[in-house]
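Biologist: I have a structure open and would like to learn how to read its features one at a time. Where do we start?

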Amino acid sequence: MTNMVLVLTGVALVMGAVLAWVNSVTAAPIAVQKEKTLADGIKSVLVCDDVAVARTDTVRQTDAKGKEQMFIIYHTQDAQGNDLGAAVESTTLGFGGNLKVLVGFNTNGDVLGYTLLEHTETPGLGAKADQWFQKGQKGDIIGKNPAEPLTVSKDGGQVDAITASTITSRAFLLAVNNAYNAYKGTPAADGQTGASQQKH
């Protein structure tokens, strides 16, 4: 019995050391890849290759259910120091789970572009959100300004929902509306009046 415990303890220690070593070796490349993915995403949603992040803000707002929402705002400039607008990370609950979107806005708040950073939507249905709302597509939101919240036509709005995926479409547009509100410093679209906001 003692030998078995010693062997198992030894195996656990060796495996723990191996995992720690693998983690230390892969942590830096993973971090570099994440930074590159984010930088490429920011260029994509701002439709500009000549872009640099001048400042990053974290904005927290509380929605009507008391749940805190967090938005990361990447304020951007060109090489001459001119403001280009911002790329905003926004997350809402879709049909299958969290729907995380990076939305680019110009200084007026018009949507320049977007990309999905994370989603668990149904392939062939809700997963179409990565293209459905792009320029020239059926639900095109590019160039629109969410000062007047974007909603699906089924709810009286001006945006065509993804076929058979109204829940995903509503969640996506809510993420875009909330991203705009965080960028412009107003409460989240589904939040209470006077929602708390913090910038760091």
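Modeller: Start with Val47, which lies in the loop between α1 and β1. Keep in mind that this is a predicted model.

Biologist: What is the phi of Val47?

Modeller: Val47 is not a glycine, yet its phi is positive, at about 50°. With 60% relative accessibility, Val47 counts as exposed, because exposed means over 50%.

Biologist: Where does Ala164 lie, and is it buried or exposed?

Modeller: Ala164 lies in the loop between α2 and α3. Its relative accessible area is 67%, so Ala164 is exposed. Ala164 also has a positive phi, about 65°, although it is not a glycine.

Biologist: Now the overall layout. How many helices and strands are there in the protein?

Modeller: The protein has three helices and five strands. Read from the N terminus, the elements run α-β-β-β-β-β-α-α. Of the 200 residues, 36% are buried. Among contacts between residues at least 6 apart in sequence, 48% join residues at least 24 apart.

Biologist: How should I read a sheet, and in what order do the strands of this one stand?

Modeller: In general, strands of a sheet pair through backbone hydrogen bonds, in either a parallel or an antiparallel way. Here the five strands form an open sheet in the order β1-β2-β3-β4-β5, with antiparallel pairing. β1 (52-62) and β5 stand at the edges with a single partner strand each, so one side of each has no neighbour in the sheet. On average, neighbouring strands of this sheet are turned by 20° against each other, direction ignored.

Biologist: How many bridges join β1 to β2?

Modeller: There are 10 bridges between β1 and β2 (residues 68-77), and the two strands run antiparallel. You can follow the pairing by residue: Ala52 has Gln77 in β2 as its bridge partner, and Thr62 has Glu68 in β2.

Biologist: Why is β2 largely enclosed by the rest of the structure?

Modeller: Seven of the 10 residues of β2 are buried, so the rest of the structure largely encloses the strand.

Biologist: Which helix lies across the sheet strands?

Modeller: Helix α3 (residues 166-184) lies across β1, β2, β3 (83-93), β4 (98-105) and β5. The helix runs at about 135° to β3.

Biologist: Let us go back to the loop between α2 and α3. Is Phe133 buried or exposed?

Modeller: Phe133 is placed in that loop, and at 0% relative accessibility it counts as buried, because the cut-off is under 20%. Leaving out residues up to four places away in sequence, Phe133 touches a list of residues including Tyr114, Ile141, Ile142, Val159, Phe172 and Leu173. Asp160 is also among its contacts. Phe133 and Asp160 are 27 residues apart in sequence and 8.7 Å apart in space, C-alpha to C-alpha.

Biologist: What does Asp160 touch?

Modeller: Asp160, in the loop between α2 (129-132) and α3, touches Trp132, Phe133, Lys138, Gly139 and Ser153, not counting residues up to four places away in sequence. Asp160 is partly exposed, with a relative accessible area of 39%.

Biologist: Last, the second largest pocket. Which residues line it?

Modeller: Its lining consists of Lys34, Thr37, Leu38, Glu89, Lys100, Leu117 and Glu118. By type, the lining residues are two nonpolar, one polar and four charged. The space in the second largest pocket is about 160 Å³.

Biologist: Which element gives the most to that lining?

Modeller: α1 gives the most, with three residues. Both α1 (2-46) and β5 (111-118) supply at least two residues of the lining.

Note on methods
Residues are numbered from 1 along each chain as its sequence is written. This is a predicted model: local features need pLDDT of at least 70, side-chain atom pairs count only at pLDDT 80 or more; totals for chains, interfaces and linings use all residues. Side-chain values use heavy atoms; hydrogens and water are left out. On a 1 Å grid over the protein atoms alone, a cavity is a set of points where a 1.4 Å probe fits but cannot get out, and a pocket is an open set with protein on both sides within 12 Å along at least five of seven lines; lining residues have an atom within 4 Å of a point. Grid points are joined across faces, edges and corners, and a volume is the space filled by probe spheres set on the points. Helices (H or I, at least four residues) and strands (E, at least two) are DSSP runs, numbered from the N terminus. Ala, Val, Leu, Ile, Met, Phe, Trp, Tyr, Cys and Pro count as nonpolar, Asp, Glu, Lys and Arg as charged, and the others, Gly among them, as polar. Two strands pair if DSSP finds at least two bridges between them. Axes are lines fitted to C-alpha atoms, for helices over the stretch in contact, and angles run from 0 to 180 degrees between N-to-C directions. Contact means heavy atoms within 4.5 Å. Buried means under 20% relative accessible area, exposed over 50%, partly exposed in between (1.4 Å probe, protein chains only).
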